[in-house]
Amino acid sequence: VVGVGQDMTNTRLAMEAEAQLSRIRAANDAKSQFLANMSHEMRTPLNGIIGINQLLLQTELDMEQRELAVLIESSSDSLLKLINDILDLTRVESGKLELEYMDFDVAQMVEEALDSVTVLASNKGLEMI
């Protein structure tokens, strides 16, 4: 009787690693698809809010109402940028993102960021310095 044996440990480990990698890729693809779908779903109502607020800003408002409407505009624009960033992330992962360079005003960006939290701070009795 002659017997031949071969250690299959490395082959089995390689097959398990390949199966795990396949599951990881599938999960990543599902995450990317979910983010893309949710981003598109959030855009529709947000664009409605932005449009209605633009109409509101074209009406006669007192100073406080105008400040609040401008804050809505700034906050909704920030949210839209965030949603676009999420969509860009899904494009990066799929290799379809093209970079765009643009100038921006850093001081204005900081001011807008502070404006968005000033009302929240005020409502909590805090003062922005």
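In helix H1 (residues 9-57), Glu-16 and Arg-12 lie four residues apart and are therefore separated by about one helical turn, helices being DSSP runs of H or I with at least four residues, numbered from the N terminus. Glu-16 forms a salt bridge with Arg-12, with the closest N and O atoms 3.0 Å apart, where a salt bridge requires a side-chain nitrogen of Lys or Arg within 4 Å of a carboxyl oxygen of Asp or Glu. By this rule the count comes to one salt bridge. Glu-16 is partly exposed at 42% relative accessibility, and Arg-12 is likewise partly exposed, with a relative accessible area of 44%; buried denotes under 20% relative accessible area, exposed over 50%, and partly exposed the range in between, for a 1.4 Å probe and protein chains only.

The model is predicted, so that local features need pLDDT of at least 70 and side-chain atom pairs count only at pLDDT 80 or more, whereas totals for chains, interfaces and linings use all residues. Residues are numbered from 1 along each chain as its sequence is written, and side-chain values use heavy atoms, with hydrogens and water left out.

Helix H1 also contains Ser-32, which is buried, with a relative accessible area of 13%. When its neighbours within four places in sequence are left aside, Ser-32 is in contact (heavy atoms within 4.5 Å) with Thr-90 and Glu-93.

H1 and H2 pack at an angle of about 160°, with their axes 9 Å apart; axes are lines fitted to C-alpha atoms, for helices over the stretch in contact, and angles run from 0 to 180 degrees between N-to-C directions. The two helices are therefore roughly antiparallel to each other, given that angles under 35 degrees count as roughly parallel, over 145 as roughly antiparallel, 65 to 115 as roughly perpendicular and the rest as oblique. The contact of H1 with H2 comprises 17 nonpolar, nine polar and six charged residues, with Ala, Val, Leu, Ile, Met, Phe, Trp, Tyr, Cys and Pro taken as nonpolar, Asp, Glu, Lys and Arg as charged, and the others, Gly among them, as polar.

For helix H2 (residues 63-94) and helix H3 (residues 106-123), the axes come within 10 Å and cross at roughly 120°, which makes H2 oblique to H3. This contact is made by Leu-71, Ser-74 and Ser-75 of H2 and by Glu-112, Asp-115, Ser-116 and Val-119 of H3, and its residues divide into two nonpolar, three polar and two charged.
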